[in-house]
Amino acid sequence: MKHILKIMALVVAISAFWIGLLRTSIVSDSYAWLLPVYLVLSLGCYGLLMVGVGLMLFPTCPQEAVLLQQDIAEGKEFLKSKGIDVASD
Amino acid sequence: MEEEEEQQQQQKKGKKKYYSIIVPTYNERLNIALLVYLIFKHLRDVDFEIIVVDDGSPDGTQEVVKQLQEVYGEDRILLRARPRKMGLGTAYSHGLKHASGDFIIIMDADLSHHPKYLPSFIRKQQETGASIVTGTRYVRGGGVHGWNLMRKLTSRGANVLAQTLLWPGVSDLTGSFRLYQRSVLEDVINSCVSKGYVFQMEMIVRASRKGYHIEEVPVTFVDRVFGSSKLGGSEIVEYLKGLVYLLLTT
């Protein structure tokens, strides 16, 4: 099944549930009408929160840059000993 | 019966897996030499070959590769050049045609993918029997160096968007440091049409949809020239287009 169909099925299911709520008036009408707005807002908040948390916990590795420089120096030494010229002009 | 089983087990142990490492290059004279040195340093008891797919670099990358062949042997380093720049996706299928390994490893030549992680890819595959092992920067033990705040922000935003819309089952969609079972790569690569790093995303999403077993290992990613991998407006548009394309076709 194409993925867009899965998402659309989810949207349809949620809409059906919402229309059900409107019809049966378990919750008051004015409140039920606002539910989709809340849904969109909470989706947006979820997205922002995930980006924010991801940004705060962004894994960085400054020590790796140092190790890489050491590896590069070591590699250059080896290449020189084998007579491979890698100097860029 | 028991003897037969024993024999089979011995055969299994005796027949070592063969790995083909495909590295596309363009003007990577110094980097390819360092990369080859580091691969041989970190993969001591593994049978492997390196396939360099060079797109007609004018800086003499191919001459350096030929010198490396003299040091390490022409059976270990294969140069399979193409006349001009023809793109990443076709570079992989070109390399694949000349690969003789049971497993194919794909990595970048610019040392952002460090060969010291290769043993963990291989170990993970052997432990889990996975069809694909993909390197991820976004878990404990992984990481990125050399990105400014803007680059991190776009990366996180893109990731959250893709995770929410595509449910891909892997944490790092655009990383391209991966190990594939040969038949799986052959199967997936033919159904992918995107270019650039959307191609990497399409490969892993399609593989995930086809139900292949995918495992992750942490890798680090060092940008050596600070801020060199800027994401411009056009890249963001390309990414969004890729996302919609994958939504509609997978």
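Which residues of helix H5 (residues 118–128) of chain B are buried? Here's a quick tour of this predicted model, with the answer along the way.

To take the question head-on: the buried residues of H5 in chain B are Leu118(B), Ser120(B), Phe121(B), Ile122(B) and Gln125(B). An α-helix has 3.6 residues a turn, so residues three or four places apart point the same way.

What do the buried residues of H5(B) pack against? Quite a list: the strands are E1 (18–25), E4 (103–106), E5 (132–136), E7 (178–181) and E8 (214–218) of chain B, and helix H2 (29–42) joins them.

## The chain as a whole

Zooming out, chain B is built from nine helices and nine strands. Its C-alpha trace covers about 60 × 45 × 35 Å along the principal axes. For 250 residues, a compact globule would come out with a radius of gyration near 18 Å, and chain B agrees with that at 19 Å.

Of those 250 residues in chain B, 53% are buried. If you look at contacts between residues at least 6 apart in the sequence of chain B, 81% of them link residues at least 24 apart.

Chain B has an accessible surface of about 11,600 Å², and carbon and sulfur atoms account for 51% of that.

Technical notes:
Residues are numbered from 1 along each chain as its sequence is written. Chains are lettered from A and ligands numbered from 1 in the order in which they are written. This is a predicted model: local features need pLDDT of at least 70, side-chain atom pairs count only at pLDDT 80 or more; totals for chains, interfaces and linings use all residues. Side-chain values use heavy atoms; hydrogens and water are left out. Helices (H or I, at least four residues) and strands (E, at least two) are DSSP runs, numbered from the N terminus. The radius of gyration is taken over C-alpha atoms; the globule rule is 2.2 Å times the number of residues to the power 0.38. Buried means under 20% relative accessible area, exposed over 50%, partly exposed in between (1.4 Å probe, protein chains only). Contact means heavy atoms within 4.5 Å. Accessible areas come from the Shrake-Rupley method with a 1.4 Å probe; for residues, only the protein chains shown count as cover.
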